[in-house]
Amino acid sequence: MLEVEDLRVAYGRVEAVKGVSFSVAAGQVVTLIGTNGAGKSSTLRALSGLLKPAAGKVVFDGARIDGLRPHQIVARGLAHSPEGRRIFPRMTIEENLLLGAYLRRDGAGIGKDVARAYDMFPVLTERRRQAAGTLSGGEQQMLAMGRTLMSRPRMLLLDEPSMGLSPIMTQQIMATVGALREDGMTVLLVEQNARAALALADEGHVVETGRLVLSGTGCGLLHDEEVRKAYLGED
């Protein structure tokens with residue numbers, strides 16, 4: 001579904017992503033793991049059009065999307081839930097969800113998808129008229145994911161969904177990602193919690209200083225000695 005070839009991203013003279021290539025098959029969860037500043041989030045931002053690639057090619061569902069504007073990429077079926085959640089704190093939960101459907105004009109379908117978001121995250125239902133900024137970090141992450149799903153994407157880019165969350169809430173968010181995969185969703189996941197990400201992923205890639213240095217199945221990387229030492233805190 002997604003093919004990334006020799007992707008390069010620069011901030012002025014500083015190259016943050018240095019020729020990254022990988023692919024994501026339909027229905028897979030693929031994860032990028034690595035330390036802060038490795039280039040993971042920059043990769044996602046380039047894929048979703050928030051950053052213009054300095055070089056390389058991005059093909060989504062058979063068509064090139066590098067160079068398209070973010071809303072055009074969303075319209076193609078690729079949606080990005082950003083790092084830090086980026087909800088609108090003074091707007092209600094329901095208003096935040098509806099903003100995720102800003103490209104759509106099918107009122108009945110939008111209503112069904114709002115109901116689906118509440119089914120997926122029941123804690124949001126009773127607070128639908130509440131300002132989103134009053135939610136806990138975990139609840140805000142649920143809202144951010146629900147908002148992203150409102151565009152009816154075929155593939156999700158999830159950036160650090162467990163950041164700052166408790167172990168129990170992290171478990172809930174990862175279970176939601178697994179449930180989305182069971183429903184046929186394709187997911188590219190950037191995640192600091194390498195253990196949780198690799199346990200969930202079909203495939204994984206280790207990113208260091210803007211380059212992919214190791215790739216394999218999620219299970220294989222989870223049991224790789226170097227990965228265990230560097231990213232799982234094991235000797």
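I began with leucine 188 and found it buried, because its relative accessible area is 0%, under the 20% cut-off. I note at the outset that this is a predicted model.

**Leucine 188**

I placed leucine 188 in strand β8. I then listed what it touches, leaving out residues up to four places away in sequence. The contacts include Leu2, Phe22, Val24, Val30 and Leu32. Leu44 and Leu47 are also among them, as is the run Met155, Leu156, Leu157 and Leu158.

**Helix α6**

Next I looked up helix α6, residues 167–182. I checked its length: at 1.5 Å a residue, 16 residues should span 22 Å, and the end C-alpha atoms are 23 Å apart, so the two agree.

Which residues of α6 are buried? I found Met169, Thr170, Ile173, Met174, Thr176, Val177, Gly178 and Leu180. As background to reading such a list, an α-helix has 3.6 residues a turn, so residues three or four places apart point the same way.

I then asked what the buried residues of α6 pack against. The strands are β3 (29–33), β7 (155–159) and β8 (186–190). The helices are α4 (107–120), α5 (137–149) and α7 (194–200). Leucine 188 sits in β8, one of those partners of α6. After α6 comes glycine 184, and I noted its positive phi, near 100°.

**Lysine 112**

I placed lysine 112 in helix α4, another of the elements that the buried residues of α6 pack against. Is lysine 112 buried or exposed? I recorded it as exposed, because its relative accessibility is 60% and the cut-off is over 50%. From lysine 112 to methionine 169 I read 57 residues in sequence and 26 Å in space, C-alpha to C-alpha. Methionine 169 is one of the buried residues of α6.

**Whole chain**

I counted 9 helices and 10 strands in the protein chain. Its radius of gyration is 17 Å, close to the 18 Å that the globule rule gives for 235 residues, so the chain is as compact as a globular protein of that length. The C-alpha trace spans about 45 × 40 × 35 Å along its principal axes.

I noted that 49% of the 235 residues count as buried. Of the contacts with a separation of 6 or more, 66% join residues 24 or more positions apart. The chain exposes about 11,100 Å², with carbon and sulfur atoms supplying 50% of it. I ended with charge: there are 28 positive and 27 negative side chains, and the centres of the two sets lie 8 Å apart.

Note on methods: Residues are numbered from 1 along each chain as its sequence is written. This is a predicted model: local features need pLDDT of at least 70, side-chain atom pairs count only at pLDDT 80 or more; totals for chains, interfaces and linings use all residues. Side-chain values use heavy atoms; hydrogens and water are left out. Helices (H or I, at least four residues) and strands (E, at least two) are DSSP runs, numbered from the N terminus. The expected span of a helix is 1.5 Å times one less than its number of residues. Buried means under 20% relative accessible area, exposed over 50%, partly exposed in between (1.4 Å probe, protein chains only). Contact means heavy atoms within 4.5 Å. The radius of gyration is taken over C-alpha atoms; the globule rule is 2.2 Å times the number of residues to the power 0.38. Accessible areas come from the Shrake-Rupley method with a 1.4 Å probe; for residues, only the protein chains shown count as cover. Lys and Arg count as positive and Asp and Glu as negative; His and the chain ends are not counted. The place of a charge is taken as NZ of Lys, CZ of Arg, CG of Asp or CD of Glu.
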